[in-house]
Amino acid sequence: MRKPFVVANWKMHKNVAESVAFINQIKDQLPAKEEVEVGIAGTTLALHAMAAAADQTDIQIVAQNAFTEFEGAYTGEISPKALADSGVDYVLLGHIERRTMFNENNTMVNKKVVATLQAGMTPIICTDETMMQEEHGGSIHYVFAQLKDVLCDVSFDQIKNIIISYEPSWAVGAGQFANPLLAEEGCRQIRQTIADRYSYEVADKIRILYGGSVNPDNIAELMSKRDIDGVLIGRASLDADNFVSMVKTVQ
Ligand code: PEP
């Protein structure tokens, strides 16, 4: 049984005080951790204070990025070890905004995945796969070039500690309706890719999230799909009441 996971991605929003206030506001309103896991990806500067505020709660702290190395002459980079020391549990990696605005490629994301695992945190790998319509029959076929490259040297043991988030570029930050059937098909084919590369047992256990214009109106339908184990929510997660109501929908 895969536990549902709802992750807020605040991107570059909220200062330290606002981030802590959000956690204090929602912490007593969330469903039991046995029902649904909740994570919040705040800005890097806020993570330490967020972790302190979330101590004694079941809220998971998520970073939005981490570098490939633990320390060294890498001006401006974020050490995975420092994140782990700050109480971070999960790290978003390979987000479409990092790929398009900061030129992150599959090789770099792969190294970040390995470093994040070595630091003892769980990567949430974002993947935006190309969708192709088959000529006959009209069925949808995805090309998993990104995922295969990013997981190239990730071992059988390591894959068990990874979460994948299917984030089609047409839906992230776009306000476009997140079509639940396309979202489900993308997640199902990602699971099949994991089964082919590793095993059916692993594929059955791994959690696959969907991200892209999730909101209070579409979350229930998305979460009713068999292969969607959770959601990554950007804009709609910034308001605490909105966020709590979406988490409760998943319960
Ligand atoms: C995201 O940033 O991962 C995301 C899914 O954004 P939004 O929900 O705003 O589309």
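Predicted model: local features only at pLDDT ≥ 70, side-chain atom pairs only at ≥ 80, totals over all residues.

Trainee: In what order do the eight strands close into a barrel?

Mentor: Strands (E, at least two residues) and helices (H or I, at least four) are DSSP runs numbered from the N terminus. Two strands pair if DSSP finds at least two bridges between them. Here the order is E1-E2-E3-E4-E5-E8-E9-E10, with parallel pairing. On average, neighbouring strands of this sheet are turned by 25° against each other, direction ignored. For such angles, axes are lines fitted to C-alpha atoms, for helices over the stretch in contact, and values run from 0 to 180 degrees between N-to-C directions.

Trainee: Which strands does helix H11 touch?

Mentor: Contact means that the C-beta atoms of two residues, placed from the backbone, lie within 7 Å. Helix H11 (residues 240-250) packs on the sheet and touches E1, E2 (37-41) and E10, and its direction makes about 160° with that of E1.

Trainee: How many bridges join strand E1 to E10?

Mentor: Strand E1 (residues 5-9) runs parallel to E10 and is joined to it by four bridges. Val-7 is the residue opposite Leu-232 of E10. Strand E9 (residues 208-211) also pairs with E10 in the parallel sense, over three bridges, and there Gly-211 stands opposite Leu-232. Strand E8 (residues 163-166) is parallel to E9, with three bridges between them. Ile-164 has Ile-208 of E9 as its bridge partner, and Ser-165 has Leu-209.

Trainee: Are the residues of E10 buried or exposed?

Mentor: A residue is buried if 20 or more other C-beta atoms, placed from the backbone, lie within 10 Å of its own, exposed if 12 or fewer, and partly exposed in between. In E10 (residues 230-233), Gly-230 and Leu-232 point one way, Val-231 and Ile-233 the other, and all are buried. In E9, Ile-208 and Tyr-210 point one way and Leu-209 and Gly-211 the other way, and all are buried.

Trainee: Which residues come nearest to the ligand?

Mentor: A residue is near a molecule if its C-beta atom, placed from the backbone, lies within 6 Å of it. Of the 14 residues around the ligand, the nearest are Asn-9, Gly-211, Ser-213, Gly-234 and Arg-235.

Trainee: Where does UniProt place the feature "binding site"?

Mentor: UniProt positions are given in the numbering used here, feature names are shortened, and annotations may be inferred rather than shown by experiment. The unreviewed entry lists Asn-9, Trp-10, Lys-11, Gly-173 and Ser-213. They span 205 residues in sequence, yet no two of their C-alpha atoms are more than 13.8 Å apart, so they gather at one spot. Lys-11 sits in the loop between E1 and helix H1 (16-26). Lys-11 is partly exposed because 17 other C-beta atoms lie within 10 Å. Ser-213 sits in the loop between E9 and helix H10 (219-223). Ser-213 is buried, since 21 other C-beta atoms lie within 10 Å.

Trainee: What is the phi of Ser-213?

Mentor: Phi of Ser-213 is near 60°, a positive value in a residue other than glycine. Asn-103, also not a glycine, has a positive phi of about 55°.

Notes:
Residues numbered from 1 in each chain as written.
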